[in-house]
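Visitor: Please show me the chain, and then take me through a few of its features.

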Amino acid sequence: MFPVSPGSAASPTVRDGGSLDLAGVTYRLDGVDAPAFDQLCIDDHADSWTCGVEARDQLAKLIGGREVHCEDLGVDATYKKRHVGLCTVEGETVSLNQSIVRQGFALDLEPSAKGRFKDDETGAKDNRRGLWKGCFVAPHEFRGGRKDGALLGGSCRADKDREIRGVLFPEETAMPSGCNIKGKFAVRARFTGNVGIYHLQACRSYPAITKPDRWFCSEDDAHAAGFRKAYNCRAPVHPRM
């Protein structure tokens, strides 16, 4: 067990629907599974929807420019540079963790949630809030590139399974604004415990990656998702003093 520290209160920067930067620490919201920034879903009109961007924006709206306090639950076991947190907005009694699930923009994540947000997930599902109004795969399925994962949401159609998966995992994905790091799932990378390989603009392989599986906004985001850097990347050039 990691020792629990009090954390700190400040105005955070939201990274995605399930993580934020606060007082120099990146916190992953404990017990929730929120879409990655580049995840696509299908809305209730059967159109492709940048649900990862929307989840980030919804978390930012919940904060509304107010101070946030995060109870530091220790280092994230999946990525040591990140911490796990239970975060609450100043003046609110319900945590951001619970609120984002209640709004339907994240799922209850077991076993870490220990059932705390299951009723909130059920309520969002029954009322078709957030992600549940359309069709999507669980965020952890998307991050792992598991294209055969269960389809979730009130607008999924069994007779359109193939077409739906083609939308959720397109061969070509548009680059989110400001997120130009390309990620490719790779079998070889899995032998070293990674999901795939990411390519920076400084990598010789970058131009050849015309159909990335993932887009990342920073190398930290890529590492947190289980990707390693391509070996053919040039080292950054630092100006001489």
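**Sheet and disulfides**

Guide: Tyrosine 198 stands opposite lysine 229 in strand 16. This is a predicted model, where local features need pLDDT of at least 70, side-chain atom pairs count only at pLDDT 80 or more, and totals for chains, interfaces and linings use all residues. Residues are numbered from 1 along each chain as its sequence is written, and side-chain values use heavy atoms, with hydrogens and water left out.

Visitor: In what sense do strand 14 and strand 16 pair?

Guide: Strands are DSSP runs of E, at least two residues long, and helices are runs of H or I of at least four, both numbered from the N terminus. Two strands pair if DSSP finds at least two bridges between them. Strand 14 (residues 196-199) and strand 16 have three bridges, and their sense is parallel.

Visitor: Which strands are the edge strands of the open sheet?

Guide: The four strands of the open sheet run in the order 15-13-14-16, with mixed pairing. An edge strand here pairs on one side only, and the two are strand 15 (214-216) and strand 16 (227-229).

Visitor: Is cysteine 217 buried, exposed or partly exposed?

Guide: A disulfide (a pair of cysteine sulfur atoms within 2.5 Å) joins cysteine 179 to cysteine 217, S to S 1.9 Å. Buried means under 20% relative accessible area, exposed over 50%, and partly exposed in between, using a 1.4 Å probe and protein chains only. Cysteine 179 has 2% and is buried. Cysteine 217 has 34% relative accessibility, so cysteine 217 counts as partly exposed.
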